[in-house]
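Visitor: I am new to looking at protein models, and I would like to learn how to read one feature at a time. Could you take me through this one?

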Amino acid sequence: MDLARFPRRRYTHAPTPIELLPHFTKALAASCPGGVGPEIWIKRDDLLGLFPGGNKTRKLEFLAADALAQGADTLITCGAPQSNHCRITLSAAVKEGLKCRFVIEERVPGSYKKEAGGNNFMFELMGVEAITVVPGGSDMGAAMSKVAQEVASLGRKGYIIPGGGSNAIGGLGYVACVQEMQQQWYDMGLAFDAVVVGSGSSGTHGGMAAGFFGNSIKIPLIGIGVSRDPADQEPLVYKEAQAVADLLGIGKVPREAVKSFGGYWQPKYSVPNAKMVEAVQMLARTEGILLDPVYTGKIMAGLIGLARQGHFKPNAKVLFMHTGGLPSLHVYEDVVLGRTALND
Ligand SMILES: *Cc1c(COP(=O)(O)O)cnc(C)c1O
């Protein structure tokens, strides 16, 4: 598909690597039916550009370019206090010489502290212009429109990016990723049997579903929900996939192209569970690659769970999308070292 007609900025200078995980594959096989499991490979989107990169970097290549094309001088977006998306959006704004404002949703009342570490430190260090804190369950779109009005009243122009950067333009980042991977598979002489990806605000999963459809890639794309089970997650992802397909003008995405699994994100979005801890430890101790507790730890727990249930054929080649998110690992150090008792 021709993506060149959409404005794009480049924040990563080469395709992110695709690597085999030999020791992880061996460790996983030991707990699979008959001692044989799938062969696990990883796409290193934790190595994308901007600080510290992750899947939002790919969406922002198209979103920031669109903001610049529209003559905006301020990026406005929203998220939770430790949002990867907010941090990476700020990094993109700084790089482009734009200002940046956030609306932060405080899901636990009183939990947002300006002097706290993690993101707040990085927000201040990279020079966010203003942060509006709203209670959990607020209308984030309305709150961002209000910020845009404030910016307009200063004679400037804001550009609103929805939570997670998940709209049709942001989803183009993962269409571009699919095209990048397709070329890598060809160059490396690899034919994968399935791709496993996290499914949250839906831009990544939905963008990839549109990319698979548009490029006639027929292997299963398996989403692992990080905040919703399939009945709620799949319609959201399907809507995003179709919005991306409409922007590209490639017709109707079949509903069956969107498939997700639940059961790995409970008890709640961003709250740790025992399967996540096992996955984070297993990859760290077999391959020296770190996952995060909110997203990729739970997504890898999904891959491990499916493999143990015999979902993949023996020795099937499965590609795991590492979407990043590392800074939050440090907020959960005791948990991922197994010092806190957790339920499945
Ligand atoms: C946002 C995020 C996801 C989920 O991607 P969506 O496009 O929101 O579905 C997965 N992993 C990490 C590390 C993220 O920050």
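Visitor: How many Å is an oxygen atom of the ligand from a polar backbone atom of Gly203?

Guide: Please keep in mind that this is a predicted model. To read a polar contact, one looks for a pair of N or O atoms within 3.5 Å. In this structure, a polar backbone atom of Gly203 and an oxygen atom of the ligand are 3.4 Å apart.

Visitor: Which part of Thr204 lies 2.7 Å from an oxygen atom of the ligand, side chain or backbone?

Guide: For Thr204 it is a polar side-chain atom that lies at 2.7 Å from a ligand oxygen, whereas Ser202 places a backbone N or O atom 2.9 Å from an oxygen atom of the ligand. If you look around the ligand as a whole, there are 15 residues, of which Lys56, Lys59, Gly200, Ser201 and Thr323 come nearest.

Visitor: How should I read the packing of two helices, and at what angle do helix 7 and helix 8 pack?

Guide: One compares the directions of the two axes, and an angle between 35 and 65 degrees, or between 115 and 145, counts as oblique. Helix 7, residues 203-214, packs against helix 8, residues 230-248, at about 50 degrees, and their axes are 8 Å apart. Helix 7 is therefore oblique to helix 8, and the crossing is right-handed.

Visitor: Which residues make that contact?

Guide: Helix 7 contributes Gly203, His205, Gly206, Gly207, Ala209 and Ala210, while helix 8 contributes Val237, Glu240, Ala241, Val244 and Ala245.

Visitor: At roughly what angle do helix 1 and helix 9 cross?

Guide: The axes of helix 1 (residues 22-29) and helix 9 (residues 274-287) cross at roughly 130 degrees and come within 8 Å, so these two helices are oblique to each other. Helix 1 also passes helix 9 in a right-handed crossing. Pro22, His23, Phe24, Ala27 and Leu28 of helix 1 meet Met282, Leu283, Thr286 and Glu287 of helix 9, a set that divides into 6 nonpolar, 2 polar and 1 charged.

Visitor: Turning to the backbone, is the peptide bond from Gln266 to Pro267 cis or trans?

Guide: Here one reads the omega angle, which is near 10 degrees for the bond from Gln266 to Pro267, and that bond is cis. Pro267 sits in the loop between strand 9 and helix 9.

Visitor: What is phi of Leu50 near?

Guide: Phi of Leu50 is near 70 degrees, a positive value in a residue other than glycine, and Leu50 is found in the loop between strand 2 and helix 2.

Terms used
Residues numbered from 1 in each chain as written. Predicted model: local features only at pLDDT ≥ 70, side-chain atom pairs only at ≥ 80, totals over all residues. Heavy atoms only, no water. Axes fitted to C-alpha atoms, helices over the stretch in contact; angles between N-to-C directions. Helix = DSSP H or I, 4+ residues; strand = E, 2+ residues; numbered from the N terminus. Left-handed = near helix turned anticlockwise from the far one by under 90°. Contact = heavy atoms within 4.5 Å. Near = heavy atom within 4 Å. Polar contact = N/O pair within 3.5 Å; in protein donor to acceptor, adjacent residues only side chain to side chain. Nonpolar A, V, L, I, M, F, W, Y, C, P; charged D, E, K, R; others polar.
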